[in-house]
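Here is a short briefing on aromatic contacts. Look at the ring pairs and at the charges placed over ring faces.

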Amino acid sequence: MVIGERKPFDEIMRMAEGLKKIMVLGCGGCVTVCLTGGHDEVRVLSSQLRMARDKAGNPIEIIEKTIERQCDPEYVDQVESIVPEVDAVFSMACGAGVQFMAEKYTGKPVYPSLNTTFVGGSKKEGYYVERCQTCGECKLYYTGGICPIARCSKSLLNGPCGGSTKGKCEIDPDVDCAWQLIIDRLKSLGMMDRYEDIMPANDWRTNRDGGPRKMIREDFQR
Amino acid sequence: MSVECKTDSRLEKILRSGQFAVTGECGPPRGADPEVIRKKCGLLKNNADAFNITDNQTSVVRMSSISSSVIMMQEGLEPVMQMVCRDRNRIAIQSDILGGAALGVKNMLCLSGDHQKFGDHPAAKNVFDLDSIQLIHAVRTMRDEGKFMGGDEVKGVPKLFIGAAENPFADPFEIRVPRLAKKVAAGVEFIQTQCIFNLKKFGEWMKGVVDRGLHEKVFVLGGVTPFKSFGMARYMANNVPGMDVPEELLKRMKDTPKEKQAEEGIKIAVETIQQLREMKGISGVHIMAIEWEEKVGEIAQKAGLLPRPTV
Ligand code: SF4
């Protein structure tokens, strides 16, 4: 899933400066699962904002709402009647959700309340880790199911650099060396011969470097 | 190993003629004053066959490796131009390879590069379009096949003797020989190793290299760094990723009175070189005396490596 973190409160306060009425819009997708942008978090942020603005003698009116997904026009349409009533929308979705809202409601400012951080999963409740950088050409076959692009700090494709120490990355003793994990796994799978193949220079066209990407299912186009 | 030289590199000539090679290191200044390099060159001259010019080492901004290499050549020394993958994509890398070769550089060292987190610009974006193995392959293809990575013809190939680094002490240990094999398959011609303090572990790695016959395909230069003090030894043991300093060496430095520690550090370096010379598969040494350039000559002298051959 896409992981997001709430922006610092001060930054959100600054974006809300001068606004009298806003909608704080949650998303029922990934950010609900990672506990940063769902129904509950909409309530928390809204009360924080109300309290801070009351304290400053400059109250703000807030409509709280959460839709199924903000990255889907069908759901984005559901707030059509509310948007005209507010000065701005504070989206608690990932960057994709914010933009789907902004694309639909062209005349209304839509602001991000989260920093979208990575594609990953939860190790346990409240603990999220990065796993994929959406390079567009998955290499996990060669690397024992562990991604060198997302998990090696230098995205090295042919093995660990000289800084790998006791299974940890040179940048931080808390970060696992992706290549240590890959080697351990290839070994346990009896696939160490895969390490000896040279991975050629990557074709980054499928990555963001090739420009914005799209995926079209022709069979669904009419 | 082939005795036929592919370039005009003096380092290549020495290695291919079967003589024990010595390389040193020179870090460019954090400013535009060429005199800093000229001064270091004065200290280093005739004490080794070629000298690495580092490329923004530890991710701290310095004068570029190419321009420092040129200044070094003006002083009559032979540079090994280092190039890291951290800061340039394949377009810039190939362009700099052509530029370096056009300016007369004859050796190049292909490295991935330290992470920018360690340097003075931790907020920088890193590139890593290529890794060091892909970089080796790129320069080798440019030189020997006259082709850019994109497939077009190189008009006027860069005659560079191609090197890389290898750290036998980093983890996981069991792939350190296979990793060298990958570099050899990619086209590397000489290797400089990480500083060797743990000779026993290095010997194990070297045995793996020899068992696979890699020493017949690549020249291995053992890395040697003198301790200036016990403090430095301890720092290297604890704070430099991928460095292996055995307890007994630390103790030896610690038990030496402070004013004698530098001397002891040099003694250890000389002993290390002597042991490396006995080891099968070692073609030379790479003496890294960081900001202690004046000692390279003394170490080489005491290890019986001077005068350097003329080729
Ligand atoms: S190789 Fe690419 S697609 Fe596969 S996990 Fe890594 S970044 Fe994601």
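A charge sits over a ring if NZ of Lys or CZ of Arg is within 6 Å of the ring centre and within 35 degrees of the ring normal. The model discussed here is predicted. A search of the whole structure finds seven aromatic pairs over all chains.

**Tyrosines of chain A**

- One of these pairs joins A:Tyr141 and A:Tyr142, with 5.1 Å centre to centre.
- Their planes stand at 90 degrees, and the pair is edge-to-face.
- A:Tyr141 counts as exposed because its relative accessibility is 55%, and exposed means over 50%.
- A:Tyr142 has 41% relative accessibility, so it counts as partly exposed.
- A:Tyr141 also has a charge over its ring: the charged end of A:Arg194 sits there, 4.1 Å from the ring centre.

**Stacked pair in chain B**

- The ring centres of B:Phe161 and B:Phe190 are 4.9 Å apart.
- Their planes meet at 25 degrees, so this pair is stacked; the cut-off for stacking is under 30 degrees.
- B:Phe161 belongs to strand S5 (residues 161-166) of chain B, and B:Phe190 to strand S6 (residues 190-195) of chain B.
- The pair therefore ties together parts that are 29 residues apart in sequence.
- B:Phe161 and B:Phe190 are both buried.

**Other aromatic contacts in chain B**

- B:Phe169, B:Phe202 and B:Trp205 make up one aromatic cluster.
- B:Arg277 lies over the face of B:Phe20, and its distance from the ring centre is 4.9 Å.

Methods: Residues are numbered from 1 along each chain as its sequence is written. Chains are lettered from A and ligands numbered from 1 in the order in which they are written. This is a predicted model: local features need pLDDT of at least 70, side-chain atom pairs count only at pLDDT 80 or more; totals for chains, interfaces and linings use all residues. Side-chain values use heavy atoms; hydrogens and water are left out. Rings of Phe, Tyr and Trp (its six-membered ring) pair if their centres lie within 6.5 Å; planes under 30 degrees apart count as stacked, over 60 as edge-to-face and the rest as tilted. Buried means under 20% relative accessible area, exposed over 50%, partly exposed in between (1.4 Å probe, protein chains only). Helices (H or I, at least four residues) and strands (E, at least two) are DSSP runs, numbered from the N terminus.
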